[in-house]
Amino acid sequence: MKFMNDDVYPVYANILRLAASGTGQNEAGFGIPNVSVLPSTHKLAIESTVNGNPKHSFKTEELPVNEWVKLQIFQSSDTYGIKVDGIVVHSVASTNPQQYSIVKVYTGDPWHKMYANVMIRNLELNGKSTKPRRRNNFL
């Protein structure tokens, strides 16, 4: 992702949200993850359902403007973590990882102001499922 200029928004602004179908705000699966920009900054707030907590949150340091930043959010059988440019900046034991079968992908979700000052490229979603894939694309 890349912030395109120095502009900032006075409110939380959404960049990316993955949401399990049929979930509502404050429910497990509503943000798996939810990536927003903090008000008046170039910092990210990253929320995800971790260990049953639908609002597990981490805030990054200020990110550079006009430079590509590689953001990775990962979940293994025992760890949830976040990397910025290949460096682990957040990691917690994951005692109860969940799998969701139908997930919607939003670039700027319909519940918050969309952050129009950022570019996303090379978005990869790696999930392992034993169920056949549906052909609906929300991205």
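The legends below describe several close-up views of one predicted protein model.

The model is predicted, so that local features need pLDDT of at least 70 and side-chain atom pairs count only at pLDDT 80 or more, whereas totals for chains, interfaces and linings use all residues. Residues are numbered from 1 along each chain as its sequence is written, and side-chain values use heavy atoms, with hydrogens and water left out.

View 1. Helices (H or I, at least four residues) and strands (E, at least two) are DSSP runs numbered from the N terminus. Read from that end, the elements run β-β-β-β-β-β-β-β-β-β-β. Of the 139 residues, 35% count as buried, where buried means under 20% relative accessible area, exposed means over 50%, and partly exposed lies in between (1.4 Å probe, protein chains only).

View 2. Two strands are taken to pair if DSSP finds at least two bridges between them. Strands β3 and β4 run antiparallel and are joined by four bridges, with Val37 standing opposite Leu44 in β4.

**View 3. Glu47 and Lys55 form a salt bridge.** A salt bridge is a side-chain nitrogen of Lys or Arg within 4 Å of a carboxyl oxygen of Asp or Glu, and by this rule the count comes to one. The closest N and O atoms of Glu47 and Lys55 are 3.6 Å apart. Glu47 is partly exposed, with a relative accessible area of 22%, and Lys55 is also partly exposed, at 39%.

**View 4. The largest nonpolar core has 20 residues.** Such a core is a set of buried Ala, Val, Leu, Ile, Met, Phe, Trp, Tyr and Cys residues joined through side-chain atoms within 4.5 Å. Ile15 and Leu44 have the most contacts inside this core. The elements that give two or more residues to the core are β2 (13-20), β3 (34-37), β4 (44-50) and β7, and β2 gives the most, with four residues. In soluble globular proteins, nonpolar side chains tend to be buried together.

**View 5. Strands β6, β7 and β8 form an open sheet in that order, with antiparallel pairing.** Strands β6 (71-75) and β8 (87-93) stand at the edges, each with a single partner strand, so one side of each is left without a neighbour in the sheet. From one strand to the next, the twist averages 10°, where axes are lines fitted to C-alpha atoms, for helices over the stretch in contact, and angles run from 0 to 180 degrees between N-to-C directions. Strand β6 pairs with β7 (residues 79-84) over five bridges in the antiparallel sense, and Gln75 stands opposite Tyr80 in β7.
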